[in-house]
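Okay, thanks for making time, everyone.

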Amino acid sequence: MAGFFGSLDTLPSDKFARKRLVQHSEVLKGRADDEPTSCDVVIVGAGFAGMYMLHLTRCLGLSAVVLEAAYGVGGTWFWNRYPGARCDVESMQYSYSFSEELQQEWHWSERYASQPEILAYANYVAKKFDLLRDIKFNTRVLRAVFQEEDCRWLLSTDVGTRYRAKWCIMATGCLSAAQTPKIPGLDTFKGQIYHTGTWPHEPVSLSGQNVGVIGTGSSGIQVIPELAAQANHLYVFQRTPNFSIPARNKRMDPEYENSWKTNYSERRKRARSMPAGILCELGDTSALAVSPEQRLNEYERRWAAGGTSFTAAYSDLLRNAEANETAAGFVREKIRRVIEDPDVAELLVPIDHPIGAKRICADTKYFETFNRENVTLVDIRSNPIREISPEGIAAGSNFHKLDSLVLATGFDAMTGALSKIDIVGREGLTLREKWRDGPNTFLGLMSSGFPNLFIVTGPGSPSVLTNVIVAIEDNVEWIADCIAHLLELHADYIEATTSAEETWMEQVRQAAEGTLYTQAKSWYLGVNIPGKPAVFMPYVGGVPAYQKICEEVAASGYKGFSIGTPAKALHSRQALLA
Ligand code: FAD
Ligand code: NAP
C-alpha cells in the first residue's frame, strides 16, 4: 500500500530494517500504582495483529505497550487448542509477508499448518522481533475512556493497572469471544465442559468416555473426527449441516516450498490482487457458461485437489443462485456417497444455505467419521435439546448419557471482543451504545465519536472473508502510516467523520446485497448470537478494491477523517480540519 512507508514494492524487504523514525515519543514510565503508565500507543491483543502493530509502532520510534488477556502470544492459535485445530489457508500463505528474512527462514511442515505449529511460529516471531518486553500478559482490558482534555485514552485492566496513551489500537480479533449457548441446565452438567475456543492447555483425555459435541461449524468439523478416535462413544448434536471440502492436508513438498520461497514477493503481490488475498486458481467464467460435463470435471478436479478454493471455480458461485446450486449439488452428492446410512447422509447434507454463504469448511475425514460404530448423529433441528442435566443431554424424546461435553458453538464474531470492553468515546458515548443496531465504522478502521481509536480488521473491513494475515498486515500498515502522518502534522487527534462512515456502511451493505452471503444464517450476520442485530459485517468487495480505497483515502490526506491540532481544538469543531 502507498503512504508514509511508500508502496510495498519500494519498501526494504525487511521493514524491520527501516530507519527508525524518532518522533516526539513520550517516555514510558513506571509509575506509582495510582498513576497510569504513559506511552504513545497502547495496543490491545497480542495475536498476529497486535504483534505486527507493536513492531511497526516501534519502527515509528514510538513507545508502546500491548495488553493481552492470555499468558502468551498467538491469539486465536493460543486459545483454540482443540484436537484437530488447523488452518485452512495454505501455510505458505498464512504467514507474515513483511519480513523477507522471516518468510525465508521459517519452515512449515505441512500444506495446512496445525495449531501447535502456528503457535510456535507466533512465538518465534515474538522472539525474533524482540516483542515480548512490551507485552503485558494476563492482563485483560476492561475499560477504555477517551479523555477529551488532552486527547488521551485511559485503559483500565482486570489486574488493577492503568495505561494512558495518545493512540489506542484494538487488535482484539474477529473470532476471539467464544460463545457459550444458553441451554437450560448447562451449568448443572457434572462432567467436564470444554469450549473449542478456550480449550485447556493441559492434555485432555476423553478415552473410554461417552462424549457429546454441540456444533458442526469449522471447529466442530475439525474436532469431531479426533474426538471419535478417542471416545468410547461420540454423540454429535447437529442443528445445521455444513458444506465441507476435503482439506487433503499433506507433508510439505520441499519443491513446493522452494518454489514459494524463490518467488515469495511476486506471489504475495499476486495474492493481494485476489479478492480473498489468497493466491489460488480463480475461475473467471460463469458456472452457467460451460457445459455440465466441463463443470463436473472442474468440480472433480478441485475436489481432488482439496481446500476451500473449491468455491473459486467460477466467477458467479457467490452471486448467482443457479450457478451456486451446481456446486452445492456436487458437494451434496459427494457427501451422500461417503455416508453408508442413507438416513444419516440426508441429515448431513446442507440444504438451507448456498455453498460458501457460510464460511466453507475444510476437513479431514469428517463425513467418514459418521460411518464409525461409536458415532451417533443427533439431529437437534427436529429434536431440539430440551435440557442438559447432570448426567447428559435430553433431545426430543431421547436422553444421551455423557461423561464430557464439547461446545464447538462458535464466537460472538467481529464485535464480541470489543463489546466486552467498556469503550467510552467523546461526550460519554459508548461503543456498545453506538453499535446497538449494528457496527458503524469508516473502512472498519475507525468509528466516529472515538478519536485516536483504531481497530484492526474491524467490522466493515474484508477481514474474515480473506486470508486474515493479509487483512491484518494491510490494516496495520495503514494505521502506522496514518500515525506517522499525524506526527508530521503534530496533530493531536483523528476521527472518522459521520458522513464518511455512513457512506462507507452503505457501500458495505450494497456490496453484500449483490451476493448470496445474506441468504445464510451465519456469524457474518451476527445471527448466531441471540439479540445481536442482523447486519452483514464484513466488506465483500475484496482485498484489491478495499486496499485501493484505503490507499486513496491516505493519499488524499485522510479524506473522511477529521484531523485536529492542537489538542484544545477538540472542543471547537470549527477548528477541525475536514
Ligand atoms: P486474535 O488472534 O483473535 O487475537 C486477539 C487477541 O486479543 C487475543 O489474544 C485475545 O486474548 C486478546 N484480547 C481480546 N480482548 C482483549 C481484552 N479485552 N484485553 C486483553 N486482550 C484481549 N483465518 C484465516 O485467515 N485462515 C484460517 O485458516 C483461519 N483459521 C481459524 C481457525 C480458528 C479456530 C479460528 C477461531 C480462527 C481462524 N482464523 C483463520 C481467523 C483468525 O482469527 C485470524 O487468522 C487471526 O489469527 C486473527 O489474529 P488477530 O491478532 O486479529 O486476532
Ligand atoms: P460456527 O461456524 O459459528 O459454528 C458453530 C456451530 O455451533 C454451528 O454448527 C451452530 O449451529 C452450533 N450452535 C451454536 N449454538 C448452538 C446452540 N445453542 N444449539 C445447538 N447448536 C448450536 O463456529 P466455529 O465452528 O467455531 O467457526 C467459527 C469461525 O472460525 C469459522 O467460520 C472460521 O472462520 C473460523 N475457523 C476456521 C477453522 C479452519 O478450518 N481454519 C477452524 C475453526 C474455526 P447453527 O449453524 O445451527 O447455528
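**Around ligand 2**

Let's start with the shell around ligand 2, where helix α5, residues 218–230, gives the largest share, three residues. Keep in mind as we go that this is a predicted model.

How many residues surround ligand 2? There are 23 of them, and the closest are T216, S219, R239, T240 and W523. If you sort that shell by class, you get nine nonpolar, nine polar and five charged residues.

A backbone N or O atom of S218 sits 3.0 Å from an oxygen atom of ligand 2. With G217 it's again a backbone N or O atom, this time 3.5 Å from an oxygen of the ligand. As for cover, ligand 2 on its own exposes 910 Å², and the protein buries 86% of that.

**Empty space**

Next, the holes. Rolling a probe the size of a water molecule over the atoms tells you where empty space is left. Here that turns up four cavities of 30 Å³ or more, and the largest cavity has a volume of about 60 Å³.

What lines the largest cavity? The residues are T457, S461, P462, S463, A471, D474, N475, V543, Y546 and Q547. Two elements give two or more residues to that lining, namely α14 (468–489) and α16 (543–555). By class, the lining comes out as four nonpolar, five polar and one charged.

Last stop, phi angles. Most residues other than glycine have a negative phi. M414 isn't a glycine, yet its phi is positive, near 70°. You'll find M414 in the loop between β16 (404–407) and α12 (416–419).

E427 is another non-glycine with a positive phi, about 50° in this case. E427 belongs to the loop between β17 (422–424) and α13 (431–434).

So are these two buried or exposed? M414 has a relative accessible area of 3%, and because the cut-off for buried is under 20%, M414 counts as buried. E427 has a relative accessibility of 69%, and exposed means over 50%, so E427 counts as exposed.

That's my tour, and I'm happy to go back to any of these spots on the screen.

Conventions: Residues are numbered from 1 along each chain as its sequence is written. Chains are lettered from A and ligands numbered from 1 in the order in which they are written. This is a predicted model: local features need pLDDT of at least 70, side-chain atom pairs count only at pLDDT 80 or more; totals for chains, interfaces and linings use all residues. Side-chain values use heavy atoms; hydrogens and water are left out. Helices (H or I, at least four residues) and strands (E, at least two) are DSSP runs, numbered from the N terminus. Buried means under 20% relative accessible area, exposed over 50%, partly exposed in between (1.4 Å probe, protein chains only). On a 1 Å grid over the protein atoms alone, a cavity is a set of points where a 1.4 Å probe fits but cannot get out, and a pocket is an open set with protein on both sides within 12 Å along at least five of seven lines; lining residues have an atom within 4 Å of a point. Grid points are joined across faces, edges and corners, and a volume is the space filled by probe spheres set on the points. Ala, Val, Leu, Ile, Met, Phe, Trp, Tyr, Cys and Pro count as nonpolar, Asp, Glu, Lys and Arg as charged, and the others, Gly among them, as polar. A residue is near a molecule or strand if one of its heavy atoms lies within 4 Å of it. A polar contact is a pair of N or O atoms within 3.5 Å; within protein, one must be able to donate a hydrogen and the other to accept it, and residues adjacent in sequence count only if both atoms are side-chain atoms. Accessible areas come from the Shrake-Rupley method with a 1.4 Å probe; for residues, only the protein chains shown count as cover.
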